[in-house]
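Here's a quick briefing to read alongside the model. Have the sequence and the 3D view open as you go.

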Amino acid sequence: MFHCRLVNAAHHDPALLLSPPQSAQRWLLDCGDLHPLSLHELLQIDTVFVSHAHIDHWIGLDALMRAQLFGERPLRILGPQGILDMLAGRLAGYAWNLVSRSQFVVEGYEWTGEEWRSRHFPCRHRFVGQPAVSGLPELDGWGLGWVELRHGVPCLGFRLESAVSYRFREECPLTPGPWISQLKDRVARGAEGQLEVEGQLREVSELSQWLRPLPSHQLAYITDTRLDPATRQQIVQAFGPTRILWCEAAFLESQRELAESKLHSTALEAASLALELGCERLYLFHLSRRTQGLADEHLREARSIFPETYLGSEANQGVDKSR
Ligand SMILES: [Zn+2]
């Protein structure tokens, strides 16, 4: 089960806590106010995907740093162009003379528009940044997609997809054994060859008929953007079909002019994107405070074209019920 928890209410700062299945990693999509999280939950977070650096998406970094300051695991922060300098600025805002024994490191990753650039900020060096090998951090085999959004500042949408996994078909007449996990591993890697089953060598290509591929977990996170048709098209091209969409719905269609001037989206536009991505389910979040008390209106508007729409706060028991 893919557990998702929207940390705050729909009208408050964005922060979505993800627990990917069969993984000890904990991911945070955006880093708004994190006060509702326990110390234990803050300690578990190892990766933060930051859409952009507006204060309501980024103010929670201090709470996270405070909790993890003596941790041994790095805290990885991915974001759009400029995030490395902003991270350096945040870390330079405190005195660090009494924490030089901590092994804690903040690893920053910035999408420059052409590549992912990395800088490490070790606590023992008072968080002074050092260039690191570029590339993306390891996400337990999950694939990361991203797309540049339209918000007046560098802003990214993200897509996460689990590695392919398989279920063994119980009708297989062969005696189960360690060969099944070896077979799953070989097939996932596209490797061929032979495996020993019941004392006999058999081809992987022949054995693979007893594996059934499971649908992967796919989640897209889109916030703080105009969702005009051109931007939606860019997202669809970058992401392809996606099962679950978390999307901002700051405004209602009756407030379209406001959405355009503030570079945000309406509930109907979020639902249009869900349709265009072929989603199974849409979660709305980051509703404008101007529409406080009108969450049902947002839902009604989105459901008029995409019935499987829910408020983000309704997902806190786990979103992907198909597995
Ligand atoms: Zn913003």
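A donor here is an N, O or S atom within 2.8 Å of the metal (3.2 Å for Na, K and Ca), and since water is not among the atoms, sites may look incomplete. This is a predicted model, where local features need pLDDT of at least 70, side-chain atom pairs count only at pLDDT 80 or more, and totals for chains, interfaces and linings use all residues. Residues are numbered from 1 along each chain as its sequence is written, and side-chain values use heavy atoms, with hydrogens and water left out.

**Zinc site**
- The zinc ion gets its protein donors from His-52 (NE2), His-54 (ND1), His-151 (NE2) and Asp-224 (OD), at 2.2 to 2.3 Å.
- Along the chain, these donors are spaced H-x1-H-x96-H-x72-D.
- His-54 and His-151 tie together distant parts of the chain, 97 residues apart: His-54 sits in the loop between strand S4 (47–49) and helix H2 (61–68), and His-151 in the loop between strands S9 (143–148) and S10 (156–161). Helices (H or I, at least four residues) and strands (E, at least two) are DSSP runs, numbered from the N terminus.

- His-54 is partly exposed, because its relative accessibility is 34%, while His-151 is buried at 7%. Buried means under 20% relative accessible area, exposed over 50%, partly exposed in between (1.4 Å probe, protein chains only).

- Arg-232, Ile-235 and Val-236 of H6 make contact (heavy atoms within 4.5 Å) with Glu-269, Ser-272, Leu-273 and Glu-276 of H8.
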